[in-house]
Amino acid sequence: MRANVPRGRIDVHTHAIAPDLAAPGPGRWPTVERTADDAADILLDGALYRKIDDRCWSARRRLSDMDADGVAAQFVSPIPVTLSHDQPVAPTVALCATQNDFLADLCGQAPDRLFALGAVPLQDVEAAVGELRRCVLDLGFAGVEIGTVVGTTELADPVLDPFFDEAAGLGAFVLVHPVDQTLDPRAVALGLGFGLGMPSATAIAGAGLVTRPPRRPGVTVCLAHGGGALPQILPRLDKGSSLDRPDAPPPTQLARDLWCDSLTYDAASLALSAERFGADHVVLGTDYPFVVREAPAGAVLDHVDAALRQAIGRDNALAALARVSPASRR
Ligand SMILES: [Zn+2]
C-alpha cells in the first residue's frame with residue numbers, strides 16, 4: 001500500500017463506531033444511540049455497554065487529538081463488542097458491511113492519516129474471505145480486526161485456513177483483539193475481565209497458533225496488548241512441545257512470525273514482547289479513544305532505546321502498510 005504518512009508516530013490500535021449503528025436484525029446485537037451532538041451510548045441487547053463521544057466517529061476530532069499527541073496516523077478498527085463472531089451469519093455479514101462502509105467514509109476523510117481495519121464475519125469463512133477482499137481491494141483498507149476465538153473455534157483451527165491464506169496473499173494486517181463477551185467467566189466473575197481475561201484470551205489464541213504447524217507464512221497477525229500473556233508463557237509452551245511433539249519447531253520460534261502492539265503500560269513487558277516477537281514485529285498501539293488508552297500515545301516508548309522507539313513508534317507500522325499489496329491480487 002502506498003501511503004504518504006506525515007512525520008510522527010503511527011498508532012495501529014484505535015477504535016471507531018458509527019453514532020447511529022442499528023441492529024442488523026432481531027437478537028442480541030450491539031447498537032448505538034446518540035445522546036447529544038457529541039455523545040452516544042453503545043447498547044448490547046438493549047442494555048448500556050459503554051458511553052462514548054464523538055472521538056469514535058469524527059475524523060476532525062481524531063485528527064485534532066492526533067496533532068496534539070504527535071500521532072501522524074492511526075489504524076482504525078471496530079469496537080470489539082461489535083465483532084459478533086458467535087452470532088447468526090446473515091445479520092453478521094450485514095453488520096460487518098455496515099461497519100466497513102462507515103470506516104471507509106471515516107478514513108476516507110484523511111487517507112494519508114487514517115487507515116481502516118475492517119470487520120469480517122469469521123463464523124462463515126467464505127463470507128469472511130469475501131468481506132476481507134472487499135475491505136482491501138475495494139475500500140482500500142490496511143486489513144481487518146478479528147476476535148481471539150470464533151464461537152468455539154480457535155484461530156488455529158484449519159477451518160479458518162482460507163481466511164488466513166487470503167490475508168497472507170493480500171498482505172493484510174490482521175489485528176487479533178479480545179472481546180469482552182468471550183472472556184473466561186472466572187476472570188469476569190473476579191471483576192478482572194480487562195486485566196486478566198483479555199491477556200489470557202489472547203494468550204490462548206496465540207498459543208494455539210504457535211503450537212501448530214506454520215501454515216500461512218507471511219500473514220501479518222498482530223496480537224493486541226503486547227500479545228497478552230503469551231510472551232511470558234512461551235518457554236513453558238516450548239517445554240511442553242518438546243515432550244509432546246519433539247520434532248516440531250519450538251513455539252518461541254513460531255512466535256517470531258507473529259506481531260504484537262506495544263500496549264503493555266510497562267517497559268519491561270514491552271521489552272519481553274520485543275524479545276519474543278522480534279523488534280521488527282512490535283507496533284505502537286494505544287486503545288484510543290477509550291479511558292484505558294495509553295496517553296500520551298507511546299508513553300511507554302520513553303523507556304526503551306532510541307532504535308526500538310523509532311521501530312515501534314513508526315517504522316514497523318510503515319513496513320506493515322507496505323506489505324498490503326492489493327494491486328497484485330486484482
Ligand atoms: Zn482495543
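Helix α2 (residues 89–108) and helix α3 (residues 125–138) pack at about 10 degrees, axes 11 Å apart. They are therefore roughly parallel to each other (angles under 35 degrees count as such). Axes are lines fitted to C-alpha atoms over the stretch in contact, and angles run from 0 to 180 degrees between N-to-C directions. Helices (H or I, at least four residues) and strands (E, at least two) are DSSP runs, numbered from the N terminus.

The model is predicted: local features need pLDDT of at least 70, side-chain atom pairs count only at pLDDT 80 or more, and totals for chains, interfaces and linings use all residues. Residues are numbered from 1 along each chain as its sequence is written.

Next, the sheet. I read an open sheet of eight strands with parallel pairing, ordered β1-β5-β6-β7-β10-β11-β12-β13. β1 (9–16) and β13 (282–283) each have a single partner strand, so one side of each lacks a neighbour in the sheet. Pairing needs at least two DSSP bridges. β11 (residues 220–223) and β12 (residues 259–261) pair in the parallel sense over two bridges. Leu-223 stands opposite Cys-260 in β12.

Last, Cys-222. Beyond neighbours within four places in sequence, Cys-222 contacts Val-12, Phe-173, Val-174, Leu-175, Val-176, Trp-259, Cys-260, Asp-261 and Val-283 (C-beta atoms, placed from the backbone, within 7 Å).

Definitions and conventions
Parallel < 35°, antiparallel > 145°, perpendicular 65-115°, else oblique. Contact = placed C-beta atoms within 7 Å.
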